[in-house]
Amino acid sequence: MNVSFSPTICENYLKSLDNIEDYKILREAANRMGVPSLEENACTALTNIVSIKRPEKSIDIGCGIGVSSYAILKGFPETNLTAIDSNLERGLFFQNHFKDYKNVAYYQMRGEQYLKTCDKTFDFAFIDSVKREYFNIWQLLRPKLNKNACVVFDDILIYGFVMAEEAETPYKYQTNRKEVQNFISHIFSDTSLNAQIIPVNGGLLVISLK
Ligand SMILES: C[S@@+](CC[C@H](N)C(=O)[O-])C[C@H]1O[C@@H](n2cnc3c(N)ncnc32)[C@H](O)[C@@H]1O
């Protein structure tokens with residue numbers, strides 16, 4: 001029997017399986033404020049990875065209003081989470097929403113700046129900032145990772161354009177596409193890492209240190 005399905009049908013089916021009620025307040029706030037937030041199926045993947053990893057110390061760079069941070073905390077509520085975003089308005093919402101979490105620290109600054117100055121190390125990192133900055137963030141983050149750490153980068157497929165030819169890519173995505181392609185090649189050629197792209201939503205690049 002031939003079964004035809006598209007990634008969209010698959011995403012919708014996966015989404016229908018999940019209980020997403022607990023994200024209601026954050027999703028409504030994201031809509032109201034018109035801010036991007038991590039999609040449902042990517043949240044589920046993030047929660048599952050964290051629940052398996054059980055990281056003592058985590059970092060969420062580009063935490064926005066906190067959907068990705070919530071997904072991390074759902075996976076392992078005991079993790080000590082450092083959440084970073086450069087946007088003031090999103091940061092104010094984040095700090096209010098997570099004010100009762102004793103294990104969450106928020107910094108309103110660029111992730112690069114935080115990584116250059118912090119003396120912490122991490123067991124898990126989620127990165128969801130500007131995509132062409134991923135390579136630079138990775139280079140700053142790598143020395144801060146503990147043994148067997150795991151890192152997840154969101155939206156690594158750039159709407160699918162990383163798989164397309166340059167001529168098929170709209171001009172505004174061409175720089176991002178090239179930068180992210182270089183980053184992906186760098187990660188997959190590093191023999192000290194296990195890496196996989198999980199094609200949920202915009203694509204998650206999952207890396208673990210051997
Ligand atoms: C796609 S949104 C993040 C959504 C968030 N992860 C969530 O699930 O709610 C990207 C965020 O990255 C932040 N950002 C972009 N570049 C950044 C940087 N270099 N350092 C820190 N935050 C950055 C933006 O302010 C924005 O809030």
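1. The sheet is open and has seven strands, ordered β3-β2-β1-β4-β5-β7-β6, with mixed pairing. Strands pair here if DSSP finds at least two bridges between them; helices (H or I, at least four residues) and strands (E, at least two) are DSSP runs numbered from the N terminus. β3 (104–108) and β6 (193–198) are the edge strands, each with a single partner, so one side of each has no neighbour in the sheet.

2. This is a predicted model, in which local features need pLDDT of at least 70 and side-chain atom pairs count only at pLDDT 80 or more, while totals for chains, interfaces and linings use all residues. Residues are numbered from 1 along each chain as its sequence is written.

3. β2 runs parallel to β3, and five bridges join the two. Across these strands A83 stands opposite Y106, and L81 has V104 as its bridge partner. On the β1 side (residues 57–61), β2 again pairs in the parallel sense over five bridges, with L81 as the bridge partner of S58.

4. The chain passes from β1 through α4 to β2 in a right-handed β-α-β crossover. Right-handed means that, with the strands pointing away from the viewer, the path from the first strand over the helix to the second runs clockwise. β2, helix α5 (residues 88–97) and β3 also make a right-handed unit.

5. Around the ligand there are 23 residues, of which L38, G62, G64, V67 and S129 come nearest (a residue is near if its C-beta atom, placed from the backbone, lies within 6 Å). α4 (67–75), β2 (80–85) and α6 (111–117) each supply at least two residues of this shell.
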